[in-house]
Structures are given as C-alpha cells and as structure tokens.
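User: Hi! Could you walk me through this one? I'd like to begin with the packing inside.

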Amino acid sequence: MQRDLRFHLNLLKSADRLLTVRREVDPKFELPAVMKAAEGLGKAIIFENVKGSRYPVVNNLLGSRDVVSLLFEARPEEVVLEWSRRVKNPIEPESASLGPVKEVIKQGSEVDLGELPLVTHSGKDAGPYITAGIAVARDPDTGIRNVSVNRMEYKGRNKLGIRMMPPQHLGLIQGKCEKRGKNLEIAVAIGSHPFDILAAATTVDYGVDEFSISGSLRGEPLQLAKCETVDVEVPATSEIVLEGEVLAGVREPEGPFGDFMQYYVPVMENHVFQVKAITHRKDAIYQTIQASSLEDTHILALSREAKVHEAVSKVAHIQAVCMVPTILSCAISIRKRFEEEPRNVLAAAFEAYSWLKHCVVVDHDVNVFDVNDVWWAMATRNRPDTGLFLLENAPGFPRDPFQIHQSKLGIDATAPLNQWEEFERKVVPGFDELRLDDYL
Ligand SMILES: Cc1cc2nc3c(=O)[nH]c(=O)nc-3n(C[C@H](O)[C@H](O)[C@H](O)COP(=O)(O)O)c2cc1C
C-alpha cells in the first residue's frame with residue numbers, strides 16, 4: 001500500500017504523537033493559536049470541527065526531532081545520514097490508473113475554495129492562506145516536472161495569489177511560459193505523506209523532478225494520478241488537489257504574510273492562480289503548516305543539515321548537526337581531534353550552505369537538538385576573545401533590505417583538548433534508563 005497522509009497519522013497515533021481537538025475552532029486565528037500553544041508538545045493535531053467547513057484540519061506532522069526520527073526509522077543524530085543515503089538513489093514516480101483523490105471531482109462553477117478550512121495564521125496576514133500545498137508544473141521546453149511548496153492567498157472562490165518568484169524553479173518555468181504569452185498549468189496537492197512535502201521543499205538542480213526524491217525517501221515509486229483539466233500529475237493518494245493556471249502577464253498585490261522568520265513579508269505584486277477544478281477524497285483531510293513553526297523549520301532544515309553534514313564529515317568526526325529552531329543558524333557536535341579543528345568545521349559548514357549566519361561547534365557530549373544544551377556549552381566552554389570567528393561581507397539570506405545577513409559568525413564552544421577531566425559533565429547514575437512515568 002502506498003504511504004499517504006493517513007499512514008503517517010496512524011504512525012503518530014500509535015506512538016502517542018497525535019492530539020485530537022473535538023470542540024469547534026475558528027480557522028481565523030483560533031486554530032493557529034491552539035497550534036502554537038501545543039507546539040511544545042511535539043505532537044500533531046487534528047482539528048475535527050472547524051467553523052465554516054466540513055473538512056478536518058491537520059497540523060504539525062513533523063513538529064519534533066522525535067517524530068522525524070520515527071518517520072526515517074533512525075536515531076535523531078542519524079536522520080541526516082539516512083536522508084543522504086536515500087536521496088543518492090532517486091526513484092522515478094509511476095502512473096497509477098486511479099487514486100482516492102478522484103473520489104470527488106468538481107469543475108467550473110462547482111469550484112469554491114471557500115469550502116476549504118483555509119486558515120488565517122497571523123494578525124496582519126492579508127487573509128486566509130494555503131501553506132501546505134505541493135505545487136506541480138512542467139517545464140514547457142523539456143516537459144520535466146518541478147515540485148515545490150508555495151504560499152497561496154485566498155482571493156475568491158476560484159482565485160489564489162501565489163508567491164513564486166525566480167530563482168525558485170516554479171517562477172523560472174512560469175517566466176518561460178509568460179514569454180510565449182501562455183498561462184502555466186499547475187496542480188497543487190494538499191495532504192500527502194510527509195516525504196512528499198520534504199522532497200518538494202528541497203532545493204535541487206533545475207531539471208530534477210522532486211517526485212523522484214520523494215521516491216528515494218519512500219524507497220519505492222510515488223504513484224501519480226493524471227489531473228482532470230491540466231497536463232500535470234499529482235500524488236494519487238493526496239487528500240485534496242487544486243488544478244488550474246497561473247495567469248500570464250497578471251500580477252496582483254499579495255500579502256502581508258507572517259513568514260518563516262516570524263516577520264511579515266510586505267505586500268508584493270505576485271502571480272495569480274486561477275483554479276479550474278478541485279478533486280478530493282470523500283472524507284478529505286486538509287493540511288496546514290504554520291510558517292516559522294518547528295514543523296516548518298524541520299521541513300526546510302533536513303536537506304540543508306544533510307548538505308552541511310556531508311561537507312563537515314570530510315574534515316572532522318562529526319556527530320550531529322541541527323538547524324532548528326532557525327535555518328539561518330546551526331549547531332554541530334564533533335569528536336575533536338586537535339585544538340584548531342572547529343575552524344575547519346566552521347569553514348566547511350559556511351561553504352556548504354551560504355544562508356548560514358551563526359554556526360556553533362560543540363563537543364560530542366552536547367545535545368545539538370537541545371538549544372539549552374548548546375547555550376550551556378557556549379557559556380561554559382567558549383572563550384570570546386579567541387573562540388569567535390567573524391566573516392565580514394559574507395553573503396547570506398538574499399531577501400535582506402537591512403543587510404543583516406551579509407556577515408557570519410563562527411563560534412568554537414568546545415572544551416580545550418586534553419583537559420577532559422576538568423570538563424567532564426556530571427552525570428546522575430541511572431538517569432539515562434529512568435522512565436519518569438514509573439514514578440508518577
Ligand atoms: C511551508 C513552506 C512554505 C513555502 N513557501 C514558499 C513560497 O511562498 N515561495 C517560495 O519561493 N518558496 C517557498 N518555500 C520554499 C520552497 O518550497 C523551497 O525553496 C523549494 O525548494 C523551492 O523549489 P525549487 O527547488 O523547485 O525551486 C516554502 C517552503 C515551505 C516548507
């Protein structure tokens with residue numbers, strides 16, 4: 001059986017990682033407020049009763065490193081190794097004759113995006129947004145598929161604003177069509193297995209079909225179903241699919257929207273997606289992602305962590321890498337072999353991933369997935385006058401009107417070598433094996 005969203009929800013349920021909210025919630029602010037309040041629990045939430053819609057909403061499918069570990073069947077520090085191992089072998093998708101996403105087909109005047117439980121996330125957002133849509137399109141010259149995640153603003157029963165500017169590949173493809181005066185056919189799949197959204201959010205070379213990465217993460221071909229009104233395929237087991245066209249030569253104000261850095265991106269002249277058809281499962285589940293949440297960061301971080309891990313492992317004995325809670329910063333633990341080694345680690349990390357702004361190197365006894373532990377290492381092992389490495393005029397995150405991301409800081413928070421007895425952390429015998437539940 002092809003793994004789908006429901007497969008993942010069952011996995012979460014069996015691991016006690018799924019919360020159910022039964023009381024009615026308003027998708028405008030109330031639902032995201034509950035998501036935010038529950039975020040620290042690291043559990044997914046299904047909202048069964050959403051005001052104004054008959055569809056339940058799921059969120060936070062990848063909200064903690066533990067859940068990511070479950071997904072990859074690997075220990076937290078080994079997830080990125082598992083990622084790299086899998087993506088080395090792309091597996092091309094296959095055509096499925098039918099798929100549950102075709103159980104209901106609505107076209108033309110039947111299309112009404114207002115039936116979906118579209119969520120308004122932040123106080124100054126322009127309106128409800130689709131945030132967990134996997135956009136699928138084809139290059140008009142090569143026919144090669146591109147898959148990405150793009151935010152979409154609700155603008156009417158069959159109209160969405162969509163953010164897709166080059167160098168993002170969808171924007172490049174749309175530019176090619178627009179030059180020929182043609183609309184770009186796209187389909188947007190909402191509610192698929194997390195491997196599909198992870199693949200869609202991975203930056204790959206232009207011309208690589210991200211669904212082949214989905215296949216590699218899954219270990220089997222992703223089954224695709226042909227769309228009804230556009231020449232594009234989507235995961236056959238998606239919950240909901242929107243089909244339509246990005247209009248050539250049309251731009252309209254889109255935003256503001258509370259983005260992945262927790263700031264509002266301003267109103268921009270962005271593209272317009274005219275929706276021609278909606279297909280969905282009979283009892284479809286709608287998925288949403290809170291921008292800047294731990295889930296959003298995990299989705300964006302894994303492929304970047306894998307890149308940094310690969311580069312650093314060439315120069316040091318790396319143990320783990322973590323880019324949560326923000327993909328502009330990174331903590332790396334190593335088994336240090338010589339005193340200056342953290343500098344090599346920093347150089348490799350900054351070279352591998354240019355958006356990185358702060359990178360801290362810690363010893364193997366520090367848990368990089370725990371920000372408190374990383375701060376503890378900084379406070380007790382970093383010597384600021386010799387352990388900070390500033391790179392001036394080093395370009396980082398590009399959308400940067402205030403030039404805040406155009407320099408970098410490396411931090412050596414490792415203990416002096418050969419002084420391990422002085423820096424050995426105290427342990428409480430029996431702590432690692434203790435189960436708190438046994439005492440409560
Ligand atoms: C929840 C979420 C929302 C995103 N929204 C956008 C967006 O609106 N515009 C954009 O360019 N990238 C967005 N991204 C990032 C892209 O999906 C990501 O950079 C992707 O790799 C780009 O695809 P490409 O390799 O085809 O260019 C988002 C990512 C996530 C996880």
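Predicted model: local features only at pLDDT ≥ 70, side-chain atom pairs only at ≥ 80, totals over all residues.

User: Nice. What does I332 touch?

Analyst: Leaving out residues up to four places away in sequence, I332 has a list of contacts that includes V308, V312, I318, A320 and V321. Also among them are V345, A349, C359 and V368.

User: Let's switch to the ligand. Which residues are closest to the ligand?

Analyst: N146, V149, R151, H169 and A201 are the closest, out of 19 residues that surround the ligand. H169 is also one of the buried residues of α5.

User: What about polar atoms, say for N146 and H169?

Analyst: For N146, a polar side-chain atom is 3.0 Å from a ligand oxygen. With H169 the backbone is involved: one of its polar backbone atoms lies 2.8 Å from an oxygen atom of the ligand. T202 has a polar backbone atom 3.3 Å from a ligand oxygen as well.

User: Great. Now aromatics: how many pairs are there?

Analyst: The whole structure has 6 aromatic pairs. In one of them, Y129 and F257 have ring centres 4.3 Å apart and planes at 35°, so this pair is tilted.

User: Why does that pair tie together parts apart in sequence?

Analyst: Because Y129 belongs to strand β6 (residues 129–130) and F257 to strand β16 (residues 257–258), the pair ties together parts that are 128 residues apart in sequence. Both Y129 and F257 are buried.

User: Why is the W355 and F397 pair called edge-to-face?

Analyst: The planes of W355 and F397 are at 90°, with centres 4.8 Å apart, so the pair is edge-to-face. W355 is in the loop between α9 (341–352) and β22 (358–363), while F397 is in the loop between β23 (388–391) and β24 (408–413), so they tie together parts 42 residues apart in sequence.

User: Is W355 buried or partly exposed?

Analyst: W355 counts as partly exposed, at 23% relative accessibility. F397, at 5%, counts as buried. Ring pairs link W355 and F397 with F260 and Y353 in a cluster.

User: Which charged end sits over the ring of W376?

Analyst: That's R425, whose charged end is 3.7 Å from the centre of the W376 ring. Elsewhere, R54 lies over the face of Y55, 4.8 Å from the ring centre.

User: Last one: where does S212 lie?

Analyst: S212 is part of helix α7 (residues 210–218). With a relative accessible area of 4%, S212 is buried. Not counting residues up to four places away in sequence, S212 touches P90, I91, E92 and P93.

Conventions
Residues numbered from 1 in each chain as written. Heavy atoms only, no water. Phe/Tyr/Trp six-rings, centres within 6.5 Å; stacked < 30°, edge-to-face > 60°. Helix = DSSP H or I, 4+ residues; strand = E, 2+ residues; numbered from the N terminus. Buried < 20%, exposed > 50% of the residue type's maximum accessible area, 1.4 Å probe, protein only. Lys NZ or Arg CZ within 6 Å of the ring centre and 35° of its normal. Contact = heavy atoms within 4.5 Å. Near = heavy atom within 4 Å. Polar contact = N/O pair within 3.5 Å; in protein donor to acceptor, adjacent residues only side chain to side chain.
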